[in-house]
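Student: Before I rely on the labels attached to a model, I would like to see each one set against its definition. Could we go through them together?

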Amino acid sequence: MSADNAADTVAVPSGQPLDLIEVLADETPGEMWARFRFLAPDVARDLGRIDVEIAHQDMEHLCHGFAMDYLARHQIDAARIVISLSDRAVPFGEPDPQATQFFEIYRPEDGHCIWEPY
């Protein structure tokens with residue numbers, strides 16, 4: 001999958017600036033997972049103003065308002081949607097102990113995002 005406009009800023013309730021880094025299709029878990037990865041400098045642990053609770057609200061908003069629309073537009077049937085926010089660009093699957101990253105998993109069902117606590 002490709003990010004339509006990877007450099008575009010995406011609006012969220014907290015007002016933090018977000019940029020879509022990439023959209024990945026991942027079948028490693030045994031089913032299609034759509035991963036939406038966002039650059040979110042305001043989640044940085046030392047200087048950021050966004051904590052995990054605010055990030056959760058933003059990620060839920062991104063699932064409902066961005067990811068579901070993206071999947072419908074591209075006719076993608078994903079079993080799970082993963083929304084991630086990172087204070088820096090980290091290659092997928094590579095550790096970066098200096099990075100602050102938040103992740104949430106959702107199950108798309110009847111046009112809605114159902115949060116899947118992990």
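This is a predicted model: local features need pLDDT of at least 70, side-chain atom pairs count only at pLDDT 80 or more; totals for chains, interfaces and linings use all residues.

Tutor: Residues are numbered from 1 along each chain as its sequence is written, and side-chain values use heavy atoms, with hydrogens and water left out.

Student: What makes the sheet an open one with edges, and which strands stand there?

Tutor: Helices (H or I, at least four residues) and strands (E, at least two) are DSSP runs numbered from the N terminus, and two strands pair if DSSP finds at least two bridges between them. Here 6 strands form an open sheet in the order β1-β2-β3-β4-β5-β6, with mixed pairing. The edges are β1 (9-10) and β6 (112-115), because each has a single partner strand, and so one side of each is left without a neighbour in the sheet.

Student: How do you know that β5 and β6 are paired?

Tutor: The definition asks for at least two bridges, and 4 bridges join β5 (residues 101-109) to β6, the two running antiparallel, so by the definition they pair. Within this pair E109 stands opposite H112, and the hairpin has 2 residues between the strands.

Student: What makes Q75 exposed?

Tutor: Q75 has a relative accessible area of 75% and is therefore exposed. Its place is in the loop between α1 and β4, and Q75, too, takes a positive phi of about 50° without being a glycine.

Student: How do you know that the length of α1 agrees with that of a helix?

Tutor: The expected span is 1.5 Å times one less than the number of residues. For the 22 residues of α1 this should come to 32 Å, and the end C-alpha atoms are 30 Å apart, which agrees.

Student: What makes D51 a cap for the N-terminal end of α1?

Tutor: A side-chain oxygen of D51 lies 3.1 Å from the backbone nitrogen of E53. A polar contact is a pair of N or O atoms within 3.5 Å, where within protein one must be able to donate a hydrogen and the other to accept it, and residues adjacent in sequence count only if both atoms are side-chain atoms.

Student: What makes a group of residues a nonpolar core, and which members touch the most others here?

Tutor: A nonpolar core is a set of buried Ala, Val, Leu, Ile, Met, Phe, Trp, Tyr and Cys residues joined through side-chain atoms within 4.5 Å. The largest one has 27 residues, of which F36, F38, I81, I83 and L85 touch the most other members. α1 gives the most to this core, with 8 residues.

Student: Why is Q16 called buried?

Tutor: With a relative accessible area of 1%, Q16 is buried, and it lies in the loop between β1 and β2. A polar contact of 2.8 Å joins the side chains of Q16 and D58, and D58 is one of the buried residues of α1.

Student: Why is D87 counted as buried?

Tutor: D87, in the loop between β4 and β5, has 13% relative accessibility and therefore counts as buried. The side chains of D87 and R88 are joined by a polar contact of 3.3 Å, and a polar atom of the D87 side chain lies 2.9 Å from the backbone nitrogen of T100. Contact means heavy atoms within 4.5 Å, and among the residues that D87 touches is V43.

Student: What makes V43 buried?

Tutor: V43 has 2% relative accessibility and therefore counts as buried, its place being in the loop between β3 and α1. V43 and A99 are 56 residues apart in sequence, yet 9.4 Å apart in space, C-alpha to C-alpha.

Terms used
Buried means under 20% relative accessible area, exposed over 50%, partly exposed in between (1.4 Å probe, protein chains only). Lists of a residue's contacts leave out its neighbours within four places in sequence.
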